[in-house]
Every structure is written in structure tokens, then in C-alpha cells.
Amino acid sequence: MRKICLTLPETSERLSHGAPTFFVRGKRAFLMVLTNHHDDGRFAIWCAAPAGMQRMLVEADSERFFVPPYVGHRGWLGVRLDRGLDWDELAGIAEDAWAEIAPPKLVASASSRPRAGSEAE
């Protein structure tokens, strides 16, 4: 996840609430990596998601996707990393999360870049 997230423009990483967290311009979090948060038994990411995406994915596959505590009410998505990994899918989810939080001008300037984790890097 680190490699994917840190390829996105103006992204940094630091611990937040004890978890590796990725920020746009050092201010706004867009993705966190959590291991057994409050003994929930999950290895997962929590991330910002486009409107309606959380509900759609949780309804489609509740074994992999969930509504995370604290931030779920804001539309954030939980994605289990212990249920099989599709790195292209995770890269897309991370990019969507970044785009939800990044300023619109930054998102527009990044639209011509190759996808994170793609072979073009």
C-alpha cells in the first residue's frame, strides 16, 4: 500500500492513531492501514470513497468490504487485506480515495499520469 500511495502527487505518510496513514499535502488523510484495530481481527485499509461506493461494495461483498468505525458515517470504506489481494483493484481504490481528498486542481493536474502501481512507473 505504501508504494501505491506514495506515488500519488503530494502524498506523505505518518502515523495517525498508531496506524500508517497517508495524507495529501501533509494535512488531510485519505487512507489508513490498520491491523486488528480494537481487536476487530481485521488486517485492512480504511479510505475515503466516492459517494455511494461504500454502500455498493459492502452490499456486493461484505466479506471483503465493510463500514469502518469512526469514519464510516462520512462514506469511508473498509477493505480487508486478509481476504485475497488484487493489487490493481487496491491501486484503483487508493487513487479514488486520494482524488476524494485532494484539491480539485491537483486531481486535474494528475489526470494525465499513469496509474499507481502500473508498469509505466
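Which residues have the most contacts inside the largest nonpolar core? The close-ups below start there. This is a predicted model, where local features need pLDDT of at least 70, side-chain atom pairs count only at pLDDT 80 or more, and totals for chains, interfaces and linings use all residues. Residues are numbered from 1 along each chain as its sequence is written, and side-chain values use heavy atoms, leaving out hydrogens and water.

**View 1. The largest nonpolar core has 36 residues.** Met 1, Phe 30, Leu 31, Ile 45 and Trp 98 are the ones with the most contacts inside this core. (A nonpolar core is a set of buried Ala, Val, Leu, Ile, Met, Phe, Trp, Tyr and Cys residues joined through side-chain atoms within 4.5 Å; buried means under 20% relative accessible area, exposed over 50%, partly exposed in between, with a 1.4 Å probe and protein chains only.) The largest share, seven residues, comes from α3. (Helices, H or I with at least four residues, and strands, E with at least two, are DSSP runs numbered from the N terminus.)

**View 2. Cys 5 and Cys 47 don't pair up, and the structure holds zero disulfides.** A disulfide is a pair of cysteine sulfur atoms within 2.5 Å. The sulfur of Cys 5 is 8.7 Å from that of Cys 47, its closest cysteine sulfur, so that's too far for a bond. Cys 5 is buried at 0% relative accessible area, and Cys 47 is buried at 0% too.

**View 3. Arg 25 has a positive phi of about 55 degrees, though it isn't a glycine.** Look for Arg 25 in the loop between β2 and β3. Arg 25 is partly exposed, at 43% relative accessibility.
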